[in-house]
Amino acid sequence: MFDDSFLLDRDTAGAVAMLDALATDGSRPASIRIGLDNVAKLEAPIIARLLAAKKRASLRGGTFVLIATRRDLLATLHVTGLDTVFTIEAA
C-alpha cells in the first residue's frame with residue numbers, strides 16, 4: 001500500500017523542485033507513487049531526481065512507482081533502460 005502520491009509539474013523546474021522537496025523531507029512516507037503524465041519531457045534533471053528519490057525510498061524500506069500512460073514518456077523510459085530500473089504502472 002502506498003503512503004503518498006504525487007503528480008509532477010509540467011515544467012522541468014517545477015518537477016525538479018517537487019522531487020528535491022520529496023528527497024529532503026524526512027517526514028514523507030517511504031512508499032511513493034509519482035505521476036509523470038503532466039511532465040512535458042523527461043529531461044536529465046528530472047531523471048536524476050527520480051533515481052535519487054527511488055534510492056531514498058528503497059533505503060527506507062519503501063516502494064517507488066512511476067505512473068505513466070503517455071507513449072512518449074514510456075518510449076523515453078524504454079530507450080534509456082529506465083523501464084528496467086523503475087516499476088511503472090499505467091494508473
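Residues are numbered from 1 along each chain as its sequence is written. Because the model is predicted, local features need pLDDT of at least 70 and side-chain atom pairs count only at pLDDT 80 or more, while totals for chains, interfaces and linings use all residues.

Trainee: Why is the aromatic pair of Phe64 and Phe86 called tilted?

Mentor: Rings of Phe, Tyr and Trp (its six-membered ring) pair if their centres lie within 6.5 Å, with planes under 30 degrees apart counted as stacked, over 60 as edge-to-face and the rest as tilted. The centres of Phe64 and Phe86 are 5.9 Å apart and their planes 40° apart, so the two rings pair and are tilted.

Trainee: What makes this pair tie together parts that are apart in sequence?

Mentor: Phe64 lies in strand S3 (residues 64-67) and Phe86 in the loop between helix H3 (71-79) and strand S4 (87-89), so the parts tied together are 22 residues apart in sequence.

Trainee: How do you know whether Phe64 is buried or exposed?

Mentor: Buried means under 20% relative accessible area, exposed over 50% and partly exposed in between (1.4 Å probe, protein chains only); Phe64 has 5% relative accessibility and therefore counts as buried, and Phe86 is buried with a relative accessible area of 5%.

Trainee: What makes the buried residues of H2 line one face of the helix?

Mentor: The buried residues of H2 (residues 44-59) are Ile46, Ile47, Leu50, Ala53 and Ala57. Seen down the helix axis, they fall within an arc of 125°, taken from the directions from the axis to the C-beta atoms, so they line one face. The face turned away from that buried side carries the exposed residues Ala44, Lys55 and Leu59.

Note on methods. Heavy atoms only, no water. Helix = DSSP H or I, 4+ residues; strand = E, 2+ residues; numbered from the N terminus. Expected span 1.5 Å × (residues − 1).
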